[in-house]
Amino acid sequence: MRAVQKSITRRATGVARSRRPPPLTAEEIQARVLHRDGLILVIDKPAGLAVHAGPSGAPNLEECFDALRFGLPRPPALAHRLDADTSGVLVLGRHPKALSKLGRLFSGRDTEKTYWAVVRGAPPADEGTFDQKLLKVNSRAGWSVMVSDKGQEAVTCYKVLGRGPDMSWLELRPETGRTHQIRVHCAAAGCPVIADRLYGQAEPGAQLHLHSRRIVLPLSKAKPPIVVEAPPPDHMLAALRACGFSPPT
């Protein structure tokens with residue numbers, strides 16, 4: 001009897017979730033499309049929204065993908081992930097063949113990703129590499145990632161683009177794709193990303209200052225790679241300007 005009740009509850013929950021409106025309207029998610037062709041879409045992910053459904057059942061970006069079919073029979077699907085609090089460039093495959101191709105590119109490290117972050121303090125040099133190994137650990141409070149010799153290889157190249165009062169604007173190029181890699185590497189270097197409540201310090205009213213700025217996708221040997229950039233989000237502009245950033249006019 002309990003099993004039947006649980007099954008009914010799951011079905012009822014699924015119905016409720018499928019009927020709720022997506023977190024972004026069709027117009028809002030379509031306005032975030034940065035690149036579109038027959039294989040892929042590249043969108044500008046908003047900060048604070050998970051890319052896919054989690055245990056909490058909170059709204060997520062995948063709920064908006066039906067509005068991104070653009071004439072195809074099925075919605076696109078995620079080719080990679082971004083943390084919920086991270087904004088910027090996110091790649092979607094428009095059909096299974098495209099997703100297979102993208103999977104090979106990402107797993108083979110053939111893509112080039114560039115992130116912007118504004119951090120508290122400054123890294124040890126104007127330019128360098130973070131290469132501490134990272135280990136995912138579980139606790140009663142949940143999971144997190146820590147620097148550990150028992151962890152997996154993780155490499156992040158960085159460059160200081162500007163400085164402000166007790167903050168630095170960094171360009172970061174992860175050569176590996178470990179979970180929370182940039183956030184943990186910055187925190188371990190003594191310069192946590194602003195408003196990183198997990199590895200730095202929560203700042204009331206502030207959002208994480210980490211942005212997926214640019215991606216390079218060599219989709220075809222016969223054509224130049226696709227290069228897509230996402231503008232920095234509004235919540236990072238004040239800190240970026242304090243570090244010398246000038247938005248294009």
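Modeller: I will start with the cysteines. At 2% relative accessibility, C64 is buried (under 20% relative accessible area; exposed is over 50%, partly exposed in between; 1.4 Å probe, protein chains only). The model is predicted, so local features need pLDDT of at least 70 and side-chain atom pairs pLDDT 80 or more, while totals for chains, interfaces and linings use all residues. Residues are numbered from 1 along each chain as its sequence is written, and side-chain values use heavy atoms, without hydrogens or water.

C191 is buried as well, at 0% relative accessibility. The cysteine sulfur closest to that of C191 belongs to C186, but at 4.9 Å it is too far away for a bond. Across the whole structure, the search returns zero disulfides (cysteine sulfur atoms within 2.5 Å).

Turning to the rings, the whole structure holds four aromatic pairs (Phe, Tyr or six-membered Trp ring centres within 6.5 Å; stacked under 30 degrees, edge-to-face over 60, otherwise tilted). One of them joins W116 and W169: the ring centres are 5.1 Å apart and the planes stand at 80°, so this pair is edge-to-face. W116 sits in strand β5, residues 112–120, and W169 in strand β10, residues 167–174, so that distant parts of the chain, 53 residues apart, are linked (strands are DSSP E runs of at least two, helices H or I runs of at least four, numbered from the N terminus). Both W116 and W169 are buried.

The relative accessible area of W116 is 8%, which makes it buried. F245 is buried too, at 11% relative accessibility. Taken together, W116, W169 and F245 form a cluster linked by ring pairs.

Other rings have a charged side chain over the face. R36 is placed over the face of F70, 4.0 Å from the ring centre (Lys NZ or Arg CZ within 6 Å of the centre and within 35 degrees of the ring normal). K136 is likewise over the face of W143, at 4.2 Å from the ring centre.
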